[in-house]
Amino acid sequence: MEPVKYFESQQPNESVVLMIRKHWFVLVPTMVMVSILYLVGLFALFVLPFIWPSVVTGYSYNLYVLIVPSIFLITTSMLLYAYLIYYLNVGLVTTEHIVEISQERLFSRNVSQLELGKVQDVEAQQKGMAQTFLNFGFVEIETAGEMPNFILKNVSKPNEAAQKIVNLIEEYARRHGIRTDVGDVNANIVRENVEK
């Protein structure tokens, strides 16, 4: 059986070790808005005909029958869209690369990848009360040279994710004969080619 391929340039011997998703808290604003819209729809369906009986008679009934189901349809579509974008945004850490799959809109996807050997620093950050109590935050992966840094936003358990990335970088360095000096999650990762 052929292994699952998560991105185009994934090598046959490269396996995904860590899958990093955003914390569920990023869905809270959408859930609040969807809940309000569902309540408006339920109000229009069950309460409005008793308060305003003329809405369900004559020509206004046609408009009523068009608008009320549309509220539920649009609201459900918003909920599914928000979940789909949440689910498709993922960070992958393989035995060779760090890959960020960013689904910005339904038909707009960006895949960025970084070789583990080009990582200089891994840092976890949690700012504010919500991130501290719910244990989510940012993982910033500093790269060598002119390459832009990878910033994985709103990640669940950022300290654990950063430590796992550091461990994978050490394993990568051992496999490829590179010397690393990694203390804790916030330590710089220094690499030197080993003389053979």
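This note comments on the fold, the sheet and the aromatic contacts of the structure above.

1. Basis of the note. The model is predicted, so local features are reported at pLDDT of at least 70 and side-chain atom pairs at pLDDT 80 or more, while totals for chains, interfaces and linings use all residues. Residues are numbered from 1 along each chain as its sequence is written, and side-chain values use heavy atoms, with hydrogens and water left out.

2. Overall architecture. The protein contains four helices and nine strands; helices (H or I, at least four residues) and strands (E, at least two) are DSSP runs numbered from the N terminus. Along the sequence the elements follow the pattern β-α-α-β-β-β-β-α-β-β-α-β-β.

3. Surface and burial. Of the 196 residues, 34% count as buried, that is, under 20% relative accessible area, with exposed set at over 50% and partly exposed in between (1.4 Å probe, protein chains only). The accessible surface comes to about 12500 Å², and carbon and sulfur atoms account for 61% of this area; the areas come from the Shrake-Rupley method with a 1.4 Å probe, and for residues only the protein chains shown count as cover.

4. Contacts across the sequence. Where contact means heavy atoms within 4.5 Å, 50% of the contacts between residues at least 6 apart in sequence join residues at least 24 apart.

5. The β5-β6-β7 sheet. Three strands form an open, antiparallel sheet in the order β5-β6-β7; strands pair if DSSP finds at least two bridges between them. Strands β5 (119–125) and β7 (150–156) are the edges and have a single partner strand each, so one side of each is without a neighbour in the sheet. From one strand to the next, the twist averages 15 degrees. Strand β5 is joined by six bridges to β6 (residues 136–143), and the two run antiparallel. Within this pairing, Val122 has Ile141 of β6 as its bridge partner.

6. Helix α4. This helix packs on the sheet and touches β5, β6 and β7, its direction making about 165 degrees with that of β5. Axes are lines fitted to C-alpha atoms, for helices over the stretch in contact, and angles run from 0 to 180 degrees between N-to-C directions. Lys164 lies in α4 (residues 158–175) and is partly exposed, at 43% relative accessible area. The C-alpha atoms of Lys164 and Leu18 are 8.0 Å apart, although 146 residues separate the two along the chain.

7. Aromatic pairs. Rings of Phe, Tyr and Trp (its six-membered ring) pair if their centres lie within 6.5 Å; planes under 30 degrees apart count as stacked, over 60 as edge-to-face and the rest as tilted. By this rule there are six aromatic pairs. One of them is the tilted pair of Tyr38 and Phe72, at 5.9 Å centre to centre and 35 degrees between the planes. Tyr38 belongs to helix α1 (residues 28–51) and Phe72 to helix α2 (residues 59–88), so this pair ties together parts that are 34 residues apart in sequence. Tyr38 is partly exposed at 25% relative accessibility, as is Phe72 at 21%.

8. Tyr83 and Tyr87 are stacked, with 6.1 Å centre to centre and 25 degrees between the planes. Both lie in α2, four residues apart, about one turn of the helix. Tyr83 is partly exposed, at 45%, and so is Tyr87, at 42%. Arg21 lies over the face of Tyr87, 4.2 Å from the ring centre; a charge sits over a ring if NZ of Lys or CZ of Arg is within 6 Å of the ring centre and within 35 degrees of the ring normal.

9. Aromatic cluster. Trp24, Phe25 and Phe136 are linked into a cluster by ring pairs.
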